[in-house]
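Have a look at the model first.

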Amino acid sequence: MGKLHHKIIVVTGAGDGIGKAASLTYAKEGADVVLVGRTRSKLERVNDEIRRTTQTDPTIVPFDLKNLDDTTANEFRARFEDQFERIDGLLHNASVLGPKVPIETYPTDAWLDVMQVNVTAPFLLTKALLPLLKKPTYASIVFTSSGVGLKGRAYWGAYAVSKFATEGMTEVLADELADTTGIRVNSLNPGGTRTSMRASAFPAEDPMSLPTPEDHMPLYVYLMSDESIGVGGEKFNPSSWQPG
Ligand code: NDP
């Protein structure tokens, strides 16, 4: 039996990169995964692979998080309530990089888009899904951070600021939920990883020098599994995490 047997886990940005690897891995560990992402064809491919290789029952939710507001977030809750009645895990993984330019010339529309996808959408989704995350005895929320969310660097603009906000949201929510619910909240910085986002951020880098998303999966599973019950308000990074 897998470590996530019968858990219902929502993954955003499930069509590619780390979110795709997490979705496939969670399903292999027995979870029914809800795949949220903006490109339907990518979600369908992940869905097909999960159905081919596991006995679990994935659901795809093609949606551009740029368009998430209270109304659409509450529609998700209503849909999930009908379908599952509870949620055991929520991995906020989807993010956009935005332009790498100085703040002085950063385009305001791009700034707002990055903040919407990276900060406001996880806030809205969390708020809407909290009633379902409170249904099981224990649940896990994981926010995805970055090194530039701990130490700002020139030209990382809205992306870096959004990841500082992600760390802040993790701390506030973890503290709010720690004593009154069984929901644990942590942040995870995967570090440099072989994905298309990394290739856009560092075009001159040799991708083969980087770990793959699959390399990080033991930590992604740990944070969703019962092994991490009682662990909250912490910052995780695969390079400094030791299993067991
Ligand atoms: P990718 O760009 O490879 O994948 C991101 C996924 O999120 C894609 O499937 C993408 O959809 C989806 N997504 C992006 N915008 C939206 C949106 N508006 N609505 C719905 N889905 C969206 O990124 P990574 O896998 O590299 O990154 C995953 C997470 O890890 C991010 O939060 C990133 O900030 C973080 N991270 C990554 C690092 C790295 O080196 N890779 C380092 C540090 C942090 P589509 O496929 O349709 O574009």
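What volume does the largest cavity have? It comes to about 60 Å³. Bear in mind that this is a predicted model, where local features need pLDDT of at least 70, side-chain atom pairs count only at pLDDT 80 or more, and totals for chains, interfaces and linings use all residues. Residues are numbered from 1 along each chain as its sequence is written, and side-chain values use heavy atoms, with hydrogens and water left out.

A cavity here is a set of points, on a 1 Å grid over the protein atoms alone, where a 1.4 Å probe fits but cannot get out; a pocket is an open set with protein on both sides within 12 Å along at least five of seven lines, and lining residues have an atom within 4 Å of a point. A volume is the space filled by probe spheres set on the points, which are joined across faces, edges and corners.

**The cavities**

Searching the whole structure turns up two cavities of 30 Å³ or more.

| Cavity | Volume | Lining residues include |
|---|---|---|
| Largest | about 60 Å³ | Ser95, Phe143, Lys163 |

**The pocket and its ligand**

Now for the open space: the largest pocket holds about 1000 Å³. Its lining counts 46 residues, and Asn93, Ser95, Val96, Thr195 and Met197 lie nearest the centre. Helix 6 (196-201) is one of the elements that supply at least two lining residues, and its five residues are the largest share.

What takes up the largest pocket? The ligand does; a molecule sits in a pocket if more than half of its atoms lie within 2 Å of the grid points. Around the ligand are 32 residues, the closest being Thr39, Lys42, Asn93, Tyr159 and Thr195. Helix 6 contributes the largest share of this shell too, with three residues.

A polar backbone atom of isoleucine 18 is 2.8 Å from one, a polar side-chain atom of arginine 38 is 2.9 Å from one, and a polar side-chain atom of lysine 42 is 2.8 Å from one. On its own the ligand exposes 900 Å², and the protein buries 94% of that.

How values were computed. Helices (H or I, at least four residues) and strands (E, at least two) are DSSP runs, numbered from the N terminus. A residue is near a molecule or strand if one of its heavy atoms lies within 4 Å of it. A polar contact is a pair of N or O atoms within 3.5 Å; within protein, one must be able to donate a hydrogen and the other to accept it, and residues adjacent in sequence count only if both atoms are side-chain atoms. Accessible areas come from the Shrake-Rupley method with a 1.4 Å probe; for residues, only the protein chains shown count as cover.
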